Amino acid sequence: MLNSVTTPQSLDERFRDAVSALRPPESGRAPGDPVRDGSTLTGARARDLFDAQLTSRHLDLAARWLRSFNEGFHTGGSAGHEGNAAVAAALRADDPALLHHRSSAFYCVRAASTAGGGAPDASRRLEEAARDILRGVVASVRDPITGGRDKIFGNPALHLVPALSAGGGHLPRAAGLAHALTRPGGAAPWPADAIVVASFGDGATARPGASAALDTAGRLGHAGQPAPLLLICEDDAPGGAGPDGWVAGVLRGRPGLRYSFADGCDLAAAYDAAAEAAEFVRRERRPAVLHLATLHLLGLPGDPDPGDSLDRDPLIGTARLLVEAGLLGPDEVITRYDEVGWQVRKAAEEVLGEPKLASMGEIVASLAPRRPLRVAHAVAEAAGHALGAGAPTRLRAFGGRLPEDTGPMTLAQTIGATLTDALLAGPGTLVFGPTVTRGGRHGVTTGLSEYAADRVFDSPPDATTILGLALGAGLAGQLPVPELDCLAALHSAMEQLRAEAATMAYLSAGAYRNPLVLRVPGLAQPYGIGGHLDNDNALAALREIPGLVVAAPARAADAAPMLRSCIAAAEVDGSVCVFLEPAALYQTRDLYQQGDNEWLAPYPAPGGWAEEHVPIGRARIYGLGTAQDLTIVTYGNGVRMSLRVAAQLAADGYGSRVVDLRWLNPLPTADLLREAAATGRVLIVDETRRSGGVGEGVLAALVDGAFVGSVRRVAAADVPVPLGPAAQQVLVGEDAITQGAHALLAR
């Protein structure tokens, strides 16, 4: 059953009837006076905000009109939430804001109040704002944020950062941005006294993103650390929101977080509450949440019926406020309503003819730009600085003994030294995660905080929070290199990685980016230590994210150049990288026999960084024996096991070439096809699960590349890794690799 306000016609009729019944006072207020006693909102400002609210309402109506003949691809949804116009009015135009999907009125106010926005006055800027929003509805390439890829509220010129995920997933980024704005370094495009604003619906309070953001903001506030964050919860729960309801209970009383409530359907009350909350956050640099009661009008079939609360329509409320103040008469209100409606309908007709994305090249242009020559140049520049002006500082940072002079290193030691060099090279580089100041879970970051205590810090263990801090730092012009405890921790925060990180450049047409190198100890430990969480071997969720770089160094010799490539790509192209570190190999020293130390490698001196540079998407090839009989394709733990098997095969007279993929996304397809064709026999050694594992991607690349020959796959079983010796029944081992090799060689 449809609720009573699913049609634009019924909502329009209700507005006209309610306004016609209003009666103006005998004497009115001056435009410069408060619109009503006790309010700080002036009559003139209220009248301007009413225009924005009217524009927002007619945008919803126009979106449905466009949808009725298949020319609109989004139906809006701001009707009943027009009170967020008051929030926009209470802020500065240069406060960064991340808006949820019912924010047309906020957008219109921000556009109308931004001087120099291309239109000479507020009225014309409102028209342009309507046009911009409708461009998103019709997927026009002139949409100011996504370029026709989606309908999202965002505009770099208006300091509106797009919120990319559903259900409050953008809130951890907002908390991270508030934290980052108070840190030194970076090049944020916002003034020092700016505050970060993020709005969300009441349903998001039950989602992980909102919970993490509220926890982060509360922790910072409770600890007395600056966090200028204003969260706006727009609550349109059926029956009406209140300061004593469930959502209020969720938001109220959190340590370090100031709570306030207002009726978002009452423009003056919403403005006063928003102005007070914004002033508190700006003055105290502490976080606050403003809980606004709103409505959900123009619902869809199945939505709850608003019932009697329809009388609280915010447009009717503002009209009543203006009429009772004597600032507009009922007829003037309806005339203005119709004028704005005509302007919005005209804008809708104009955007219909604008071009849309018409080719795959146009669509993916902003997804994940790759400029390998610039990345290589950035690595060379870092080396030049380390050899030149930065040499004395580098010597002090390493305690008087440079890592290249200390002898061969393990994988863990190499990563730690590379992170130190990254901190030296980039003043905006941040390293953080659970207990990183004490070395992290595996001791990789030991000693980092001694050099850069202000840029190496501990964070809560929650992965959603860690990614939120990183994404906010990236927006603020910093370069975050956070660490998670383990791969299993990442799965709970996958929305942050998929929706908020990897799609930011894509859905902002390159206007925003979030450079990120996320370090994750992962892959299975062949001896079964830790059970299914520590031995998480599921990578499918990472490999299916468009544009994401996934690096998997197997040994120290590759770790340093690959990590430098990721950091340089993040800096140059805004790349989002996951640096997957095989935890089982952190301290491994030997390859073929105990004491050979062949899994160690000397740390490369800066003079060799350019020469040893590893571009993203290039494999490492090992040749054993004649290297003509078999190609083994693998990565991570599989590299060491495959090299040991290949050595035994060489002793038996069979030549093998082992291909260490190194990059799991994008796969080194050209290297893979070349090495596969060289022998005609390919053994894929995949330590992830058979279903959804990396091996499936390798097989697909071989098929797409028209490989002619024999292929066999060795992979982990489709089951979580058990504890203890039972893990050997699930994970890939040298015996299985040997059997697979002999099966291929027998063909």
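Where do the axes of helix α5 (residues 122-137) and helix α11 (residues 330-352) come together, and at roughly what angle do they cross? The views below are of a predicted model, in which local features need pLDDT of at least 70 and side-chain atom pairs count only at pLDDT 80 or more, while totals for chains, interfaces and linings use all residues. Residues are numbered from 1 along each chain as its sequence is written, and side-chain values use heavy atoms, with hydrogens and water left out.

**View 1. The crossing of α5 and α11.** The two axes come within 9 Å and cross at roughly 45°, the axes being lines fitted to C-alpha atoms, for helices over the stretch in contact, with angles that run from 0 to 180 degrees between N-to-C directions. Helices are DSSP runs (H or I, at least four residues), as are strands (E, at least two), and they are numbered from the N terminus. The helices α5 and α11 are therefore oblique to each other, given that angles under 35 degrees count as roughly parallel, over 145 as roughly antiparallel, 65 to 115 as roughly perpendicular and the rest as oblique. Their crossing is right-handed; a crossing is right-handed if the near helix is turned clockwise from the far one by less than a right angle, and left-handed if anticlockwise. On the α5 side the contact (heavy atoms within 4.5 Å) is made by S123, E127, A130, R131, L134 and R135, and on the α11 side by R336, Q343, V344, A347, A348, E350 and V351. These residues divide into six nonpolar, two polar and five charged, where Ala, Val, Leu, Ile, Met, Phe, Trp, Tyr, Cys and Pro count as nonpolar, Asp, Glu, Lys and Arg as charged, and the others, Gly among them, as polar.

**View 2. The crossing of α2 and α10.** Helix α2 (residues 43-68) and helix α10 (residues 314-324) have axes that come within 10 Å and cross at roughly 155°, which makes α2 roughly antiparallel to α10. The crossing of α2 and α10 is left-handed. Residues of the contact include F50 and L54 of α2 and L315 and L322 of α10, and by class the contact has seven nonpolar, three polar and two charged residues.

**View 3. The largest pocket.** On a 1 Å grid over the protein atoms alone, a pocket is an open set of points with protein on both sides within 12 Å along at least five of seven lines, whereas a cavity is a set where a 1.4 Å probe fits but cannot get out; lining residues have an atom within 4 Å of a point. The largest pocket holds about 710 Å³ of space, a volume being the space filled by probe spheres set on the points, with grid points joined across faces, edges and corners. Its lining has 37 residues, of which G426, T429, L479, I567 and E571 lie nearest the centre. The largest share of this lining, six residues, comes from α13.

**View 4. The second largest cavity.** About 70 Å³ of space lies in this cavity, and among its 14 lining residues the closest to the centre are D60, G76, S104, I133 and K151. Helices α2 and α5 each supply at least two residues of the lining.

**View 5. Two backbone features.** The peptide bond from N665 to P666 is cis, with omega near -5°, and P666 is placed in the loop between β16 (663-665) and α24 (669-679). R285, in the loop between α9 (267-284) and β6 (288-293), has a phi near 55°, a positive value in a residue other than glycine.
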